[in-house]
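Hi there,

Here is the structure I promised to pass along. Have a look through it first, and then read on for my notes.

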Amino acid sequence: MSRNKKILLAAGASIVALLALPFLFVDQIEARVRAEIERAAQVRVSWSDIGLTMFGDFPHPRFSMNGLAVVGTGRFDGDTLATVADFHLALDGGSVIAALRGRAPLVVRSVRLESPALQLRVDEEGIPSWDVLPRREAATEGEGGNMAISLRSLEVTDGRLVLDDARSEVFLSMRGLTHSLRGDFSRESLTATTSTHSDEVTLRFAGLPY
């Protein structure tokens, strides 16, 4: 076999291995994603289906979830905070390998949410249901934490938001919500362009509509 043929075969085998990599490690990635979410926030997460592919943005894998649900714990145990019919995100290819080895977090390039629904409550004592992040000590100088996100775009389509504040007697409902956010959200800079639209908005204060 000629040297050129060997090079072509080696290159082809490498490409096939890269394409097959997500399917080989999908269970590990699914477990890592669940662990990272529940570690970072006091919630329980579930989904009906999960997928990972290298096609479309090679060599960066695309991750998707169907039937995603986020449920509160503790004070709001059992309350559904959010549901998303379809959730898609594009990951940085190099960060996936590092995350599987436990050496670095996943780097997110873009996020798209289809038909998300947020159910937010504030009880009579003024405690919000979305306060799910654990209290942490302020980082000292030189401690950058393990967050490494460079988010290029966030897209929301056909969303729904309900806020029911029992203490302030405020009720807000938004339906047909679309939102786009594009920019650079790396550690070095923060620049963004954003737009939001809602087909229907309902606002009540102390029982009176506005």
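This is a predicted model: local features need pLDDT of at least 70, side-chain atom pairs count only at pLDDT 80 or more; totals for chains, interfaces and linings use all residues.

Most residues other than glycine have a negative phi. A206 sits in the loop between β8 and β9, the latter being residues 208–209. With a relative accessibility of 41%, A206 counts as partly exposed.

Overall layout

The protein chain has 3 helices and 9 strands. Read from the N terminus, the order of the elements is α-α-β-β-β-β-α-β-β-β-β-β. The chain has 210 residues, and 32% of them count as buried. If you take the contacts with a separation of 6 or more, 57% of them are between residues 24 or more positions apart. The accessible surface comes to about 13,200 Å², and carbon and sulfur atoms hold 57% of that area.

The core

The largest nonpolar core has 26 residues. Those touching the most other members are V43, F63, M65, F87, L89, V111 and L113. Two or more residues each come from β1 (43–46), β2 (49–53), β3 (62–72), β4 (80–91), β5 and β6. Which of these elements gives the most to the core? That is β4, with 6 residues.

Leaving out residues up to four places away in sequence, V111 touches F87, H88, L89, L151, S153, L154 and E155. Two of the names in that list, F87 and L89, are also among the core residues that touch the most other members.

Salt bridges

How many salt bridges does the structure hold? There are 6. In one of them, the side chains of D123 and R75 meet with an N to O distance of 2.6 Å. This pair links distant parts of the chain: D123 is in the loop between β5 and β6, R75 is in the loop between β3 and β4, and the two are 48 residues apart. D123 counts as buried, since its relative accessibility is 14% and the limit is under 20%. R75 and D123 also belong to a network of salt bridges that takes in E125.

E155, which came up above as a contact of V111, forms a salt bridge with R182, and here the closest N and O atoms are 2.6 Å apart. These two partners also link distant parts of the chain, with E155 in strand β6 and R182 in strand β7 (residues 170–184), 27 residues apart. E155 counts as buried at 19% relative accessibility, whereas R182 counts as partly exposed at 47%.

Another salt bridge joins the side chains of R112 and E114, at 3.2 Å from N to O. R112 is partly exposed at 35% relative accessibility, and E114 is partly exposed at 25%.

A buried serine

Is S129 buried or exposed? S129 is buried, with a relative accessible area of 5%. Its place is in the loop between β5 (108–122) and β6 (153–165). Not counting residues up to four places away in sequence, S129 touches F76, L81, Q119, L120 and R121.

F205 is found in strand β8, which covers residues 191–205. With a relative accessible area of 42%, F205 is partly exposed.

That is what I have for now. Happy browsing!

Best wishes

Methods
Residues are numbered from 1 along each chain as its sequence is written. Side-chain values use heavy atoms; hydrogens and water are left out. Helices (H or I, at least four residues) and strands (E, at least two) are DSSP runs, numbered from the N terminus. Buried means under 20% relative accessible area, exposed over 50%, partly exposed in between (1.4 Å probe, protein chains only). Contact means heavy atoms within 4.5 Å. A nonpolar core is a set of buried Ala, Val, Leu, Ile, Met, Phe, Trp, Tyr and Cys residues joined through side-chain atoms within 4.5 Å. A salt bridge is a side-chain nitrogen of Lys or Arg within 4 Å of a carboxyl oxygen of Asp or Glu. Accessible areas come from the Shrake-Rupley method with a 1.4 Å probe; for residues, only the protein chains shown count as cover.
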